[in-house]
Amino acid sequence: MRKVLDKLIELQDIDGQLLKLEEARGDLPQKVNELASDIDDISNKLDQKKHDKKENESRKMAVDGETSLLKEKLKKYQNQLYQVKTNKEYDAMTLEIDNCEKKIEELEYEFLELEEDIIKLGNDISETEEKLNEQKQLLQKNEKHLSEMMEQTKEKEKLLKEQREIMIKDISRPLLTTYDRIRLNRGGRALAYLSNGSCSDCSTRIPPQRSMEIRMMNTIYYCEVCGRILVWKPEDKDKPPQ
Ligand SMILES: [Zn+2]
């Protein structure tokens with residue numbers, strides 16, 4: 001059992017180095033992912049705005065054309081008004097003119113509204129494009145940083161992982177599973193040391209009888225509080241009790 005526990009101590013050392021490499025990369029990979037998805041969102045919004053602007057512009061042209069036609073028609077009606085012979089004809093013509101004028105007014109109002117929307121969308125598009133460029137530059141910077149970091153740590157990580165693969169062959173599967181489970185749940189460290197009669201991680205006092213058993217490294221003991229596997233390193237032997 002002592003051999004197995006020694007193996008676990010070595011394994012924890014390797015896992016600690018791997019964790020440090022990961023920490024050196026920090027939240028860069030996550031940041032890169034977030035930026036990329038941000039950029040997607042902004043691009044989609046930009047496309048939508050451009051599409052809206054195009055639609056408004058073509059509607060504006062149609063409104064303009066329609067207004068010109070109506071204005072010609074109106075002129076014609078107004079000329080015809082002087083040529084009508086009966087009151088009935090006169091009334092009918094005035095009604096036509098009224099309708100025509102009303103429609104022109106509506107169209108002119110719509111034209112102004114469209115013009116306003118187009119200006120607003122144009123500003124929105126410029127702002128969004130600016131933002132998109134900023135995010136793209138930021139992404140580029142972060143990606144470059146990340147790939148440099150990966151380049152620097154890749155070799156070391158590969159070596160450590162190879163060492164780990166070899167090492168775990170000597171550890172039983174259930175114990176390794178337990179070790180990995182504690183490691184993942186406990187901030188990367190599955191082992192704690194017996195240090196001055198306490199757990200080195202959570203400082204829980206270990207009863208003397210249990211401490212002696214741990215020093216013998218014949219059985220696996222778990223800290224009752226933090227759940228880590230308690231092991232003993234000989235160099236702790238001479239430290240004065242606290
Ligand atoms: Zn503990």
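Helices (H or I, at least four residues) and strands (E, at least two) are taken here as DSSP runs, numbered from the N terminus. The structure is a predicted model, in which local features need pLDDT of at least 70 and side-chain atom pairs count only at pLDDT 80 or more, whereas totals for chains, interfaces and linings use all residues. Residues are numbered from 1 along each chain as its sequence is written, and side-chain values use heavy atoms, with hydrogens and water left out.

The protein chain is divided into domain 1 (25-169) and domain 2 (173-236), the bounds coming from an automatic or database domain assignment. Between the C-alpha centres of domain 1 and domain 2 there is a separation of 61 Å.

Asparagine 56 lies in helix α2 (residues 28-81) and, with a relative accessible area of 17%, is buried; the term buried denotes under 20% relative accessible area, exposed over 50%, and partly exposed the range in between (1.4 Å probe, protein chains only). When residues up to four places away in sequence are not counted, asparagine 56 touches Leu114, Asp117, Ile118 and Leu121, contact being defined by heavy atoms within 4.5 Å. Aspartate 117, one of these partners, belongs to helix α3 and is partly exposed, its relative accessible area being 39%. The C-alpha atoms of aspartate 117 and glutamate 57 are 9.5 Å apart in space, although the two residues are 60 residues apart in sequence.

Helix α3 also contains glutamine 135, which counts as buried at 13% relative accessibility. Apart from neighbours within four places in sequence, glutamine 135 is in contact with Leu35, Asp38, Ile39 and Ile42, and its C-alpha lies 8.5 Å from that of alanine 36, a residue 99 places away in sequence.

The largest nonpolar core comprises 22 residues, among which Leu5, Leu8, Leu11, Tyr179, Leu191, Ile229 and Val231 touch the most other members. At least two residues of this core are supplied by each of α1 (2-25), α3 (87-167), α4 (173-185), β1 (191-195) and β4 (229-231), and the largest share, 7 residues, comes from α1. Both domain 1 (25-169) and domain 2 (173-236) contribute to the core, with at least three residues drawn from each. A nonpolar core is understood as a set of buried Ala, Val, Leu, Ile, Met, Phe, Trp, Tyr and Cys residues joined through side-chain atoms within 4.5 Å. In soluble globular proteins, nonpolar side chains tend to be buried together. For leucine 11, the contacts that remain once neighbours within four places in sequence are left aside are Arg164, Met167, Ile168, Ile171, Leu176 and Tyr179.

Distant parts of the chain are linked by the pair of cysteine 202, in the loop between β2 (198-199) and α5 (208-216), and cysteine 223, in the loop between β3 (221-222) and β4, the two being 21 residues apart. Cysteine 202 is partly exposed at 28% relative accessibility, while cysteine 223 is buried at 3% and cysteine 199 is buried with a relative accessible area of 2%. Cysteine 100 is likewise buried, with a relative accessible area of 5%. A search of the whole structure finds 0 disulfides, a disulfide being a pair of cysteine sulfur atoms within 2.5 Å.

Backbone angles were also considered. Most residues other than glycine have a negative phi, and most peptide bonds are trans.
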